[in-house]
Amino acid sequence: MQGVQKRFGATYALRGVDLEVSAGSVHALIGENGAGKSTLMKTLSGAYQADAGEMTFDGQPYRPANPLDARSRGVCMIYQELALAPDLSVMENILLGIEPTWGPFMRWSETRSIAQRALNEVGLETVTPEAIVGQLSIASQQLVEIARAVAVGCKILVLDEPTSSLTQKDVAKLFSLVRRLKEKGIAIVYISHALEEVQALCDRFTVMRDGETVGHGRVNEVPVHRIISMMVGREVADLYPRSVRQPTEVVLEMKDFAGASLPRKAALTLHRGEVVGIAGLIGAGRTEMLRSLFGLEPVKSGDVRIGAFRGEASPGRRWAQGVGLVSEDRKTEGLAQNLSIAENLTLTRLSGLGPWRFIRPSRQRAACKPWIDALPIKCRDAGQAVEDLSGGNQQKVAIARLLHHDADIFLLDEPTRGIDVGSKAQIYALIDRLALGDPSTGKKPKAILVVSSYLPELLGICDRIAVMTRGILGEALPVASWTEHSLMLAATGQTSDAPSSPPV
Amino acid sequence: MSEPTDSAPSQSKRVLAFAARLVALVCVYLFFAVLTPGSKGFTSDANTQLMLQDIAVVAMCAIGMTLVIIAGGIDLSAGSTIALAMITTAYVLNLGPKGAEWVRSSPHLMPILAVLAAMTVAGTVGLINGLLVTSLRMVPFIVTLGTMQMARGLAKLVANEQNIYPPSDVVGDLWIARLLDPARTVFTFPFLPAAVWLVILCALLASLFLRYTRLGRHAFAVGSNEKTAVLCGVPVLRTKLAVYLISGLFSGLAGIIFFARLGGIGQPTEAIGYELFVIAAVVIGGASLLGGRGTVLGTMIGALIITILRNGGVKMGWPQYTQEIVMGAVIVVAVAIDNLRNRRRT
C-alpha cells in the first residue's frame, strides 16, 4: 500500500499511508485509537475505498470494491466483534457463501469434510462441525472465524486486537496458530495495543499516528520505548504518575464475601485516598466481585459495609451511597451507544439540571462541559453520540459519569482495555488526581478499586494489590512487595515465591 | 467454560424441545376434552372436522411466516393476503357464467384459472413486500403494516365491499370448494380433507427446503447475522426477496383454503388479525423473532395449539374477552418458557 488516502468529508482519516507486508511474515500495525489503523484495514479489506494512493497485491493493482471482493482475492479480516452467525453450525459458518452444492441443494457430507479439514488446520479438533457456534467459547468462535478464512484460501489475514477477550491459555494457542499460518506463507497483519504481544509474535511493525505512518522496522531491532514514543509522538517520561497519597478512613469493607457463583471468598478494606488493584486471570471472579458488590449480581453471603451502609443493595442504592462502577464492557453495558455524551454522562444524577424534576438539555450539556475539558474528551460537543467517539474517549465518558455523580468510591473494571496509550496516560493521571484530592477546591480524595489484567498498569498506579485466584481473593499487599512475576504466580495459584503467601 | 465437544447435547436438546411442545399440545387438547361439557361435543367428529379446517388455513400460512421469521423478518400482511386471495378466487369463479364462449364451454378450466389468479395476486403482495424491504431497505414491520392495509383495501375494492357468492351451479361441485370436505371419518380413506394433506405436503417440502437447499440455509444465515452473511457473499437481498415471495404464496394457498372453508364464498372482511395467530403459531413453535432459529415442524405444532385454543374456548362457552386473554397469556408464557430455557443454556 502506498500513499493511501481516505477522506470523510473534510477530515482526512488517512493522509498518505505506506504499508508493506510480505508473505509468510507477521506484521504488527501499531498506533493509538484514532490513528487510522482501522480505517487503513477497512480500506485493505474493501469496506472503504481509498481516495488516493495505490495498493498492489501479488504484483497486481488491487482495489477491492467491497469486503466480498477483497475476500475473493484472498484478503480476510477478523474483527474484534466476531462476524459469525450464532445460530448456525460451525460447518455452515465456515462455508457460508461458498457452500458446496448440487444445483440448489446442499451437499452436507462434503460441507462437513471441508469444515473438518479447516478445523484441523486451526487446531480446533475438539469441536465438531455440527456444533452450534453460539454455544462455543469466544476463543473457539474466533478460531472458527480463522478456519473460515483458511477455507476460503486467504493470503492476507488481518487480526484486529485478537487477544482482547482471550485467556492466557487461549492467547498461547492463538499465537502458535498464527505462527503455523505464517509458515504456510500467509501474510498476517496483527493490530494490537499490547506491545508485549507484538514483541512475542511479530517480525516487523508499522506505527501509525494521525492517519500517517510514522515509523516501521524490525521488531527485534527497535526497543519498546522507541515504539511507544513513535505512537504518542513524544517520549513517555512517566506513564504512571503516582503522588504520595494519604489513605484516611475506611470507606468500603467486606468480609467472607461470596457471590452466587463467584467470588467464593473475598475480604478487603478500601480507604479513602488510595488505589487498590485486583489482579488475577480472566474468569477468576474479579468482575463478578465488583458486580455483586454493586448489586448487579446476587450476593450469597458475607458482610459488606460501604461508608455508613451495611449489606446488599441494588445498583440504584449503590449510586445513592456514592459508589460508581465503570463496566468492563463499555460497548453494550457501560454506555448507551446511540445516545449523546451528555445523556450518558448525566444519567445517574439528573437532578439540578432543570426546574423541579424536569431536564433542560442546555443545562445538561453545560454540566458536561467541565469534564469534557478536564479529561479531556475529544468530541464535537456534548450532544455528539457516544458511538462516534474512539474507544479511549468513550471510556473517558464512562469515567466522567462517576465524576459528575461525585461518587466517593470508584469501581473500575478494566478501565483501559482496548484504548490507546495516550488515553491510558490521561486516565492514569486522572486516577492519581482523584486519589489525591484537591484541598484547594475542597475536593476530598476518592477511594478507587481497579480490576485489571494488565500487570504493569496495576503495578504502576496502585498502592496495594490483591490477587484473585479461582474465586478466592488474597490479601491486599503494598505494591512494593509485588513484581509482575509474583503477581502472575499468585494468579495461577502457585504461591511458592509470592512475597508472603496470602491467607486462603 | 464448558464446550460441546460433539453435537449430541444440542441434538438431544432439540429433540427435548420438540417433545416439550408435543406434550403441551396433548395437554391443551386433553384440557378441553375433559373440561368441555359433553353436550358441546369438543371431541365429536363434527368439531374435529371444524378444527381441521381452521388448522389448514393457519398452518398453511404459518409455513411461509416461518421462513420469513427465520430470515429475521416479519410479514404482517399475511391475514389481508389471505382475504385478497380468497376474494380473487371468488371473483374469477364469479366471472365464469358471464365469460367468453371458450370459458363457458370448458368449466373445468375455471377453478384452475381462479387458483392461478389468486396465487399471482398473493405472490405479487409478497414480491412487493420483498422489494420494499430489500430495495428501499425499509423495516419489514412497517412495510408489511402498510401492505396489510393495502391488501385489505384492495380485497374490499374487488369485492365492492360485499361478499361474493359465485353461483352455486358453478361452485357447487367444484373441487376448489370441496378442499375441506370432510372425509367420512378419520379412519377411512383418505383420512383427512384434501387441504390438510396439502398442508402436510407443503410442510414437508418447506422442511426439506430449509434443511437441504442453499437458499434455505442462507435464510438462517441472514436471520442470524446479516452483516456476516453479506461479508461471506450470501446474496442477502435475493434471499429476503425469496422468503417474502414464498410467504405471499403460502398466504395465497391459505386464502384458497379459506374460500373452501366458507363454503365457496368470498368475504373481504374475513381473516382479520390472522397474521397474529400465525405469528403466534410460529413463535410457539420455537422460532426466534430475532431470526436465525425456527422449524416448520415446530410451527405446525404451534398452529395446532393455537387452533385448539381458539376452538376450545368457544366450545367452553367462554366469552370473547376470556378467549382473547387466554390466547394472549399462552403466547406470553410459551415465549417466556423458551427464553428461560435458552438463558440456562448459555
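**Entry 1: domains of chain A**

I began with the domain assignment of chain A, which gives domain 1 as 2-232 and domain 2 as 250-491. I note here that the model is predicted. I then took the C-alpha centres of domain 1 and domain 2 of chain A and found them 32 Å apart.

**Entry 2: where the two domains of chain A meet**

I looked up the contact between the domains. On the side of domain 1 of chain A, twelve residues take part, and they touch 15 residues of domain 2 of chain A. I read the buried area as about 960 Å² between domain 1 and domain 2 of chain A, with 59% of it on carbon and sulfur atoms.

Which element gives the most to the side of domain 1 of chain A that touches domain 2 of chain A? I found that helix H8 of chain A, residues 224-232, does, with three residues. I sorted the residues on this side of domain 1 of chain A by class and got four nonpolar, five polar and three charged.

I also checked for specific pairs. Between domain 1 and domain 2 of chain A, the rule finds zero salt bridges. The count of residue pairs in polar contact between these two domains is likewise zero, with both residues required to be at pLDDT 80 or more.

**Entry 3: chain B against chain A**

I moved on to the contact between the chains. I list 28 residues from chain B and 30 residues from chain A in it. Chain B and chain A bury about 2600 Å² between them, and I have 58% of that area on carbon and sulfur atoms.

How many salt bridges are counted between chain B and chain A? I have two. I wrote down the pair Arg293(B) and Asp87(A), whose side chains meet in a salt bridge at 3.7 Å, N to O.

**Entry 4: the chain B side**

I went through the helices of chain B next. Helix H1 (8-35), helix H8 (194-212), helix H9 (214-224) and helix H10 (226-231) of chain B each supply at least two residues of the side that touches chain A. I note that H9(B) gives the most to this side, with six residues. By class, I have nine nonpolar, eleven polar and eight charged residues on the side of chain B that touches chain A.

How values were computed
Residues are numbered from 1 along each chain as its sequence is written. Chains are lettered from A and ligands numbered from 1 in the order in which they are written. This is a predicted model: local features need pLDDT of at least 70, side-chain atom pairs count only at pLDDT 80 or more; totals for chains, interfaces and linings use all residues. Side-chain values use heavy atoms; hydrogens and water are left out. Domain bounds come from an automatic or database domain assignment. Contact means heavy atoms within 4.5 Å. Buried area is the accessible area (1.4 Å probe) that two parts lose on being put together, summed over both. A salt bridge is a side-chain nitrogen of Lys or Arg within 4 Å of a carboxyl oxygen of Asp or Glu. A polar contact is a pair of N or O atoms within 3.5 Å; within protein, one must be able to donate a hydrogen and the other to accept it, and residues adjacent in sequence count only if both atoms are side-chain atoms. Helices (H or I, at least four residues) and strands (E, at least two) are DSSP runs, numbered from the N terminus. Ala, Val, Leu, Ile, Met, Phe, Trp, Tyr, Cys and Pro count as nonpolar, Asp, Glu, Lys and Arg as charged, and the others, Gly among them, as polar.
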